[in-house]
Amino acid sequence: MDNVFWWNGKAVVPQEGSFITLNPDKTITVPDSPIIPFVVGDGIGPEITPEMIKVVNAAVEKQYKGSKKIYWVEVLAGDKAEEKGLDRMPSETLELLKQSVVSIKGPLGTPVGKGGKSLNAVLRQSMDFYSAIRPVYYMGQPSPIPNPERVDVTVFRENSDDVYMAIEYMAGTEGARKVREFFIKEMGVSEGAIPEDAGVTVKPMSEFKTKRHVRKAFRYALENGKKHIAIAGKGNIMKATEGAFLNWAFEVADEEEFKRKIIKEGEPGEGQARIYKVITDQMLMQLVLKPEYYDVIITQNLNGDYISDLASALVGGPGFVPSGNIGDGYALFESTHGTANDIAGKGLANPLSIILSGAMMLEYLGWKEASQLIYTAVKDVISQKKGTPDIASGFRKQGFDATELSTTQFGDEIANRIKNL
Ligand code: ATP
């Protein structure tokens, strides 16, 4: 692949490529030859990431016949960076990711017991990816529910707020004692509500952070013809945080940009979507029983974690689901599963999560026709009951004959299918 530039003592940025630019209004301008950095990732990353590049290249080539071309630039992070004697997240990598605006990565592990922040958290904070977006749809793979074609939902998880701010005081520490004293003495909280042996985690939730996230989700729903937007939270219990989140989301619907487009009552017409509030526990249950009710779900950070994993399970697990971390123009796409060290290096890994993340990235670039080719090809290959061992064994359990492919063979099948579409 002549458009892939592997790390070679440093990141190699080709002359032929151009950087995507970030405009003052936070939109992006994409050249025909964008430079897209990629991190192969740890564990199964070196097996699945090249398959994504292969498939995305095939789709771009098929659709644009050379008039558009991605220039892929490898940047190091995680194990591969450490092997070269660098930090696990080298500053060179962070700088190039930022300069390039849009990028993609495989899974990164956090070594146990070494301390420090997870690499994913470092990335999230450096470009302020405040929305984590996970579209969950069915492509024909074995699934644990009947009629999985009913699942087509995009989960918008707020990514910069909530209990993830790590403001925590462990039971028995000076911090917990001070917090307890403050609440009891200054705020009139009863002693029994925070017993002496309690730890405390703080859950902040901000109007600014909520509204920027909600605006992103509303725009996505309107651009993609999604009609029903559930705003999920436990506002009945946590009024100051999740309750406020639900109310702020409704206030965004009144903003000039969304007036008459995001409606609160009645059936949404052409160019409209309707919002409604749901309580998280009820929606989790309904998501299993009646997934067809849900188009877009907007939620907070912790609820979003639960909801997106449950939604992924409906179509067979995170191995089949892409994800994007999006901020003000900056975007990083990634596989949703972990490093799967137990199967690394064996050619068993399912590359679909990162391949579909690549398709999601093409949509973000505005190259939707090319992303459609990927969706069609993946569906075609799976419909022939071909796939990596996880897919093939799932089909066999359902009583079908299936062809087991290695990670590379599966990538090849999808890329070849694209060429023949
Ligand atoms: P991490 O610590 O990086 O989150 P993990 O092993 O805890 O990793 P996953 O990597 O998501 O979590 O793996 C959970 C299980 O799912 C493992 O048995 C793994 O082999 C399997 N798995 C995960 N991703 C894939 C994949 N892409 N293809 C096949 N199996 C996978």
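Reader: What should I know about the model before I start?
Author: The model is predicted, so local features need pLDDT of at least 70 and side-chain atom pairs count only at pLDDT 80 or more, while totals for chains, interfaces and linings use all residues. Residues are numbered from 1 along each chain as its sequence is written, and side-chain values use heavy atoms, with hydrogens and water left out.

Reader: How many salt bridges are in the whole structure?
Author: The search finds 29. A salt bridge here is a side-chain nitrogen of Lys or Arg within 4 Å of a carboxyl oxygen of Asp or Glu.

Reader: What does Arg157 pair with?
Author: Its side chain meets that of Asp305, at 3.5 Å from N to O. Arg157 is in strand E8 and Asp305 in helix H9 (residues 301-314), so the pair ties together parts 148 residues apart in sequence. Helices (H or I, at least four residues) and strands (E, at least two) are DSSP runs, numbered from the N terminus.

Reader: Is Arg157 buried or exposed?
Author: Arg157 counts as buried, at 14% relative accessibility. Asp305 is partly exposed, at 26%. Buried means under 20% relative accessible area, exposed over 50%, and partly exposed in between (1.4 Å probe, protein chains only).

Reader: New topic. At what angle do H1 and H13 pack?
Author: About 5 degrees, with their axes 9 Å apart. Axes are lines fitted to C-alpha atoms, for helices over the stretch in contact, and angles run from 0 to 180 degrees between N-to-C directions. That makes H1 roughly parallel to H13, a label for angles under 35 degrees.

Notes:
Parallel < 35°, antiparallel > 145°, perpendicular 65-115°, else oblique.
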